[in-house]
Amino acid sequence: MTDLRPEPGLIALVTHARHVPSEQREAFGDAAAAVAHDPRTILLRTCHRVELYVSTDPDSGESPVPLPGLPEGGRRLEGADVVRHLFSVASGLDSVVLGEDQILHQLRDCLSDRHIPGAARCPIEIGSSQTDAVGLDPILARLFQAAAHLGRETRSWRVGPPRSLADVVLDRIVEVTGPVARQRVLVVGAGRMARLVAIAASRAGAAVLVANRSEDRAAALASDAGGRVVPFGLDAPLPEVDAVVLAIAARWPLSAPARAGLLAAGLPVVDLSSPPAVDPDLRARLGPRYTSVDDIARGPRDVVAARLARRYEKAMADAEATFTNWVHARTSVPAIRALSDLAEQRRAEELERLFRRMDLAEHDRALVEQMSHRLVAGLLHAPLATLREDATGDADRAARVLFSL
């Protein structure tokens, strides 16, 4: 029969570095953060993307929160398009590096920060088959859990060592300096992205220097990367380096001598910060030696072989069907409860009538009651299983007619 049910009640506002510049993307993210405390929303915010996911009102189909305006280049997705997009993101197909792991960490982070009692967010354990999303809208919780499961499945197909955005950064440096081995790479920052770059550069044989506002965090990263700490701040001189990678959440403070030295050195600067850590004037003067996080996003992407692409497509289609069926089956819950309640009421009435007519010992009464439970459960097993898997609403409508629910 024809499926007359609507698509999943979802909206996604999507901005990506390929289409929306960093400053506009971050402004959208700040506006989206104002409504992201609502349990019917989830905000996914990374260096390349800012995406707001919303579970719509089941009666009106509208967003339950005021949506921020989309900048030029942003997209609004609805229904099944939201599901397909998130599954593509989680699989790593929408990343610069096919199947990179960072997006899975970021999915986990945006969920694990949700609705902690006393705060604005609430925990979900992505690595588990269960969710502890207390208060989080169940549609969103299930969607992101399914996306994470799909992401783990597709990464199990990977052959060879994983690549990350850090490897793309090193590729950019190599284009200017040649092989990274024995080069001096200054990493400004100590967060997750800075750590990826520092460790990757160290493994490639580079000498790693780390500068960060927090000297303790810089020292920890330098130790892990086998490098050393250099000063950070307006009074800090520019160390002798062959390349600079920035991954901080603010402008890079540079003194006039350090600024002049950077321009004179002719070295590449890769800015992974969003918004950029390098000010517009310095970016313009660096010219082609400067690479922004948006430049990386707009650069070449990994090519997916035809056979692997078909495997991805099938896995995503299967995951989408499973999720959509689960959403549709949720509408049968009232019918399931009504049918179960009706059966229990009739069972109890018949037992009461029987026990009034027969004087049974306590043991015999218990046996009869057990038999009645098993009989009702056996009769309801097939109808309830059909209702739970009802993807079209046909079983729900039939049950309501047949049992006068």
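Modeller: Let's begin with the labels. A helix here is a DSSP run of H or I at least four residues long, a strand is a run of E of at least two, and both are numbered from the N terminus. Bear in mind that this is a predicted model.

Biologist: Fine, let me try a helix. Where do Asp81 and Arg84 lie, and how many residues apart are they?

Modeller: Both are in helix H2, 3 residues apart, or about one turn of the helix.

Biologist: And how do the side chains of Asp81 and Arg84 meet?

Modeller: General idea to start with: side chains of opposite charge can pair when their charged atoms come close. The cut-off used is a side-chain nitrogen of Lys or Arg within 4 Å of a carboxyl oxygen of Asp or Glu. Asp81 and Arg84 form a salt bridge of this kind, with N to O at 2.8 Å. By that rule, the model has a count of 24 salt bridges.

Biologist: Now helix against helix. What should I look at?

Modeller: Two packed helices are described by the angle between their axes and the distance between the axes. Take H2 (residues 80–91) and H4: their axes come within 8 Å and cross at roughly 40°. That angle makes H2 oblique to H4, and the crossing is right-handed.

Biologist: Which residues of H2 and H4 meet?

Modeller: On the H2 side you have Val82, Val83, Leu86, Phe87, Ala90 and Ser91. From H4 come Leu143, Phe144, Ala146, Ala147, Leu150, Gly151, Thr154 and Arg155. Sorted by class, this contact has 10 nonpolar, 3 polar and 1 charged residues.

Biologist: What about H3 and H4: at what angle do they pack, and how far apart are their axes?

Modeller: H3 (residues 102–112) and H4 (residues 138–155) pack at about 160°, with axes 10 Å apart. An angle over 145 degrees counts as roughly antiparallel, and that is how H3 stands to H4. The H3 and H4 crossing is left-handed. In H3, Ile103, Leu104, Leu107, Cys110 and Leu111 do the meeting, and their counterparts in H4 are Phe144, Ala148, Gly151, Arg152 and Arg155. The contact residues split into 7 nonpolar, 1 polar and 2 charged.

Biologist: Let me have one more pair. How do H5 and H6 pack?

Modeller: The H5 axis and the axis of H6 (residues 192–203) are 9 Å apart, at an angle of about 60°. H5 and H6 are therefore oblique to each other, and H5 passes H6 in a right-handed crossing. Leu165, Ala166, Val169 and Leu170 in H5 meet Met193, Leu196, Val197, Ala200 and Ala201 in H6. Here the classes come out as 9 nonpolar, no polar and no charged.

Biologist: How many bridges join S1 to S4?

Modeller: S1 (residues 10–16) and S4 run antiparallel and are joined by 4 bridges. For an example to click on, Ala12 has Leu77 in S4 as its bridge partner.

Biologist: In the open sheet of 6 strands, is the pairing parallel or antiparallel?

Modeller: It's parallel, in the order S7-S6-S5-S8-S9-S10. S7 (228–229) and S10 (290–292) stand at the edges with a single partner strand each, so one side of each has no neighbour in the sheet. Within this sheet, S8 (residues 243–246) and S9 (residues 269–271) pair over 3 bridges, and Val245 has Val270 in S9 as its bridge partner.

Note on methods. Residues numbered from 1 in each chain as written. Predicted model: local features only at pLDDT ≥ 70, side-chain atom pairs only at ≥ 80, totals over all residues. Heavy atoms only, no water. Axes fitted to C-alpha atoms, helices over the stretch in contact; angles between N-to-C directions. Parallel < 35°, antiparallel > 145°, perpendicular 65-115°, else oblique. Left-handed = near helix turned anticlockwise from the far one by under 90°. Contact = heavy atoms within 4.5 Å. Nonpolar A, V, L, I, M, F, W, Y, C, P; charged D, E, K, R; others polar. Pairing = 2+ DSSP bridges.
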